[in-house]
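Student: I've got a structure open and I'd like to go through it. Let's start with the charged pairs.

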Amino acid sequence: MDRQQRLRRWEQTAEPYLFVASLLFLTSYAVRVLVPDLSPGWHAFWEIVTVASWGLFLVEYLFRLLLSDDRRHFVRTRWLDLIVTALPLLRPLRIVDMHERMQRRRDHPRLGLETRVMTYAGLTALLLGFAASLAVYHDERTAPHATIRTFGDAVWWAASTLTTTGYGDAVPVTGRGRLVGTGLMFVGVALVGAVVGSFSSWLMRRFRQEGEA
C-alpha cells in the first residue's frame, strides 16, 4: 500500500472522530460563552475539553502531512484543512471539498450523493450560524452602542447574514464582530452555491442522458 492509499484510508477512518471532536469544541465554547458564572472547577474542565479537541485536530493534520508524498503540494491544495485546523469552529466548511469531489464525477449522476451534499450543507449552515452567534454575542454584549445584547439577537443576526438578507436591525459594532460577519457573508454565498450547483448539475446530467437515450 503506497502513501496515497494510506492517506485516503486514514482520512476515512478519522473523519467520524474529528466530527465528534468538532462538536465537543463547539459545546465547550458555547458553555463558556453562555454560562459566564461557571465554577472554577467546571471552567477548568471545559478549558481542558477545548484544548484537547483542538489538539486532536492539530495532531491529525500533522499526521496527514507526514503521510503525503508531496508536503508542499498537500499544504497548497489542502489550504481549507489548515484553516479548519486553526479554527475548528469552521470544520463544517469542508463541504466545499466534498462538493468539488462530487463535481469531478460528471459522468455518474447519483441523486444520493447530491442529497447528502445538500443535507450536509444545511447542517453546516446551522452549525456555522450557531458558532457565529456565539462569537458575536461574546464580543457585542458589553460593547458601547451595541444592538446585539442577547443571544437571541445574535441568532437573528446570524440567520439574516447567513442567508444574505441583512435586515440591518442588529449589526455588530466591534472589530472582531464585523470580521465574523464578513466571513459569514462569504460562507452563506458558498453554501447556497454548493446546494444550487449540486442540484443543478445533477439535473443537467440527467436531462442530457435522457435526451441521448
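Tutor: There are 4 salt bridges, a salt bridge being a Lys or Arg side-chain nitrogen within 4 Å of a carboxyl oxygen of Asp or Glu. This is a predicted model, where local features need pLDDT of at least 70 and side-chain atom pairs count only at pLDDT 80 or more, while totals for chains, interfaces and linings use all residues. Residues are numbered from 1 along each chain as its sequence is written, and side-chain values use heavy atoms, with hydrogens and water left out.

Student: Which residue does Glu60 form a salt bridge with?

Tutor: Glu60 pairs with Arg64, and their closest N and O atoms are 2.7 Å apart. They sit 4 residues apart in helix α2, so about one helical turn separates them. Helices here are DSSP runs (H or I, at least four residues; strands are E, at least two), numbered from the N terminus.

Student: Are Glu60 and Arg64 buried or exposed?

Tutor: Both Glu60 and Arg64 are buried. Buried means under 20% relative accessible area, exposed over 50%, and partly exposed in between (1.4 Å probe, protein chains only).

Student: What else does Arg64 form a salt bridge with?

Tutor: Asp81, with the closest N and O atoms 2.9 Å apart. Arg64 is in helix α2 and Asp81 in helix α4 (residues 79-86), so this pair ties together parts 17 residues apart in sequence. Arg64 counts as buried because its relative accessibility is 3%, and Asp81 counts as buried because its value is 2%. Shared partners join Glu60, Arg64 and Asp81 into one network.

Student: Which residues are buried in α4?

Tutor: Leu80, Asp81, Val84 and Thr85. They cover an arc of only 140° around the axis, so they are on the same side of α4. The arc is taken from the directions from the helix axis to the C-beta atoms.

Student: And Glu47, what does its side chain meet?

Tutor: The side chain of Arg32, in a salt bridge of 3.7 Å, N to O. Glu47 is in helix α2 (residues 40-67) and Arg32 in helix α1, 15 residues apart. Glu47 counts as partly exposed because its relative accessibility is 30%; Arg32, at 23%, counts as partly exposed too.

Student: New topic. How many helices and strands does the chain have?

Tutor: 8 helices and 0 strands. Buried residues make up 37% of the 213 residues.

Student: Which residues touch the most other members of the largest nonpolar core?

Tutor: Leu134, Ile148, Trp157 and Leu184, out of 21 residues in that core. A nonpolar core is a set of buried Ala, Val, Leu, Ile, Met, Phe, Trp, Tyr and Cys residues joined through side-chain atoms within 4.5 Å. At least two core residues come from each of α1 (3-34), α6 (111-140), α7 (151-162) and α8 (175-212). The largest share, 8 residues, is from α6. Another core, of 5 residues, lies apart from it and includes Tyr61 and Phe74.

Student: What is Trp157 in contact with?

Tutor: Leaving aside neighbours within four places in sequence, its contacts (heavy atoms within 4.5 Å) include Ala132, Ile148, Pro172 and Leu184.

Student: Last one. Which residues make the nonpolar surface patch?

Tutor: Phe19, Val20, Leu23 and Leu24, with about 320 Å². Patch residues have over 30% relative accessible area and no salt bridge; like charges are joined within 9 Å, nonpolar side chains (Val, Leu, Ile, Met, Phe, Trp, Tyr) within 5 Å. Areas come from the Shrake-Rupley method with a 1.4 Å probe; for residues, only the protein chains shown count as cover. Phe19 is in helix α1 and counts as partly exposed, because its relative accessibility is 37%.
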